[in-house]
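Grab a pencil and work through these exercises with the model open beside you. Try each task before you read its solution.

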Amino acid sequence: MSIGWQELFARRARCITGSQIRQYFSLTEKPEIISFAGGFPESRCFPGEEISRVITDLITSDCRGTLQYTPTEGNWDLRTYLAGKMQREGSPCGVENIIIVDGSQQGLDLICRLLINPGEPVLVEEPAYIGGMGAITSYGGIPVGIPMDSQGIMPDIMEKTLLKLRKQGQSPKVFYTVANFHNPTGYTTSLERRKIVMELARRYNLIIIEDNPYGELCYEGEVPPSYISLDREGRVAYLGSYSKTFIPGIRIGWIAGAVPLIEKICLAKQTADLCSNSLGQRLACHLSREGYLDRHVKRLIGYYRRKRDAMLAAMEQYFPPEIKFSRPGGGFFTWVTFPRSYPPARELLMLALERKVAFVHGEGFFSNGGGTHCARFSFSQASLEDIDTGIRRLGELFYEVRDQAGRQAAHG
Ligand SMILES: Cc1ncc(COP(=O)(O)O)c(C=O)c1O
């Protein structure tokens with residue numbers, strides 16, 4: 001007898017659905033494809049020699065301690081280091097405000113598990129990071145998108161949305177944001193807007209989940225102060241990550257937040273995994289405290305800046321001028337907007353794959369069916385040469401598409 005899994009799954013498991021985008025990854029990540037799709041860090045930058053040196057030292061000097069479980073909150077020295085780092089960036093954190101998690105994605109999952117009831121609206125940026133929306137919807141939350149422009153989230157629309165929801169008898173508790181070099185748009189929310197959003201959070205009693213995996217990868221100027229540094233009430237849960245500035249394979253990130261929240265997260269984490277990767281925590285701690293990772297991030301900035309510059313220059317040169325793209329000051333992504341006269345980006349992706357180039361079309365980043373004529377391009381992984389070749393091939397394709405759309409329009 002075949003097992004009826006759909007009936008066996010608990011009600012809450014029905015909210016867990018895959019993203020549309022992951023289904024394309026088997027197509028976009030083939031070796032012959034020049035891929036601008038994945039948001040992975042460039043693996044050629046992983047400091048393998050340094051990692052094996054430190055792991056050997058850690059095992060030789062204290063094999064038992066290094067390989068044992070850590071407390072659920074995480075390795076004390078790493079938490080102390082991260083509290084100091086948060087303080088240097090302007091937020092008054094102590095060790096008790098920090099918990100280590102398995103990458104910021106686990107942080108998102110745990111926070112959503114604790115804060116979101118099924119059916120509750122949750123404010124998100126529009127477009128929003130797919131993994132963030134996935135965590136929200138997997139606990140039955142309903143993402144409510146607030147549009148962005150090049151200055152980030154639009155606070156006036158945020159307030160209107162809050163008022164509208166209030167009239168319907170609903171009070172969202174959470175706003176989820178990637179304020180620095182946003183995934184997928186590359187936008188950074190300005191300081192002025194952060195202050196207004198902070199004030200709205202106070203007035204409407206919102207918790208802000210500030211997800212900041214890209215903030216240190218800043219290619220010009222400085223990022224504005226974080227929400228957590230502007231917060232005076234403990235209403236920001238900040239997520240940091242070693243994935244983009246070091247390596248994703250150790251799965252180490254952290255949450256900084258108010259003690260009652262951190263304590264509850266610790267209890268929730270106990271039933272998820274007991275503790276994060278012990279060896280990875282010691283590795284991250286050692287390289288952070290030595291100052292190695294600060295130097296590494298400086299090298300990454302130079303490296304990714306060249307890739308960003310190459311992608312923007314190639315888009316400028318090869319794309320028809322009516323195709324618009326964002327100019328990110330850091331991070332991995334630029335956001336491309338096609339005119340309405342073009343076919344949807346999903347169809348453009350299929351044509352691009354025939355020419356062995358991939359990107360991510362926009363709908364998956366929207367909670368409401370928008371984004372049909374948008375796409376995310378990542379410049380983090382492709383080589384400088386592939387960036388030029390891939391964008392040139394797409395430029396040729398887009399000129400053909402535009403001519404065809406023009407001919408169709410002329411024939412009525
Ligand atoms: C905005 C954002 N948040 C969280 C994550 C997950 O990162 P981590 O590897 O720390 O779990 C990513 C990964 O791409 C991301 O882009």
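In the protein chain, 75% of the contacts between residues at least 6 apart in sequence join residues at least 24 apart; a contact means that the C-beta atoms, placed from the backbone, lie within 7 Å. Before you start: this is a predicted model, where local features need pLDDT of at least 70 and side-chain atom pairs count only at pLDDT 80 or more, while totals for chains, interfaces and linings use all residues. Residues are numbered from 1 along each chain as its sequence is written.

**Exercise 1.** Work out how the radius of gyration of the protein chain fits a compact globule.

Step 1: take the globule rule, 2.2 Å times the number of residues to the power 0.38, with the radius taken over C-alpha atoms. Step 2: for 412 residues that gives a value near 22 Å, and the protein chain has 22 Å, so the two agree. Step 3: look at the spans too, about 70 × 60 × 55 Å along the principal axes of the C-alpha trace.

**Exercise 2.** Find out how strand 3 is covered, and which strands it is joined to.

Step 1: strands are DSSP runs of E of at least two residues, helices are runs of H or I of at least four, and both are numbered from the N terminus. Strand 3 covers residues 121–126, and six of its six residues are buried, meaning that 20 or more other C-beta atoms, placed from the backbone, lie within 10 Å of a residue's own.
Step 2: two strands pair if DSSP finds at least two bridges between them. Strand 3 runs parallel to strand 4 (residues 142–149), with six bridges, and parallel to strand 6 (residues 174–177), with two bridges.
Step 3: zoom in on V124. Its bridge partner in strand 4 is G145, and in strand 6 it is Y176.
Step 4: follow the chain from strand 3 through helix 6 (residues 130–138) to strand 4, and you've traced a right-handed β-α-β unit. Right-handed means that, with the strands pointing away from the viewer, the path from the first strand over the helix to the second runs clockwise.

**Exercise 3.** Which strands stand at the edges of the open sheet?

Step 1: write down the order of the four strands, 10-11-14-13, with antiparallel pairing. Step 2: strand 10 (324–325) and strand 13 (360–361) each have a single partner strand, so they're the edges, with one side of each left without a neighbour in the sheet. Step 3: check strand 10, which two bridges join to strand 11 (residues 333–337); there, K324 stands opposite T337.

How values were computed. Two residues are in contact if their C-beta atoms, placed from the backbone, lie within 7 Å. A residue is buried if 20 or more other C-beta atoms lie within 10 Å of its own, exposed if 12 or fewer, and partly exposed in between; C-beta atoms are placed from the backbone.
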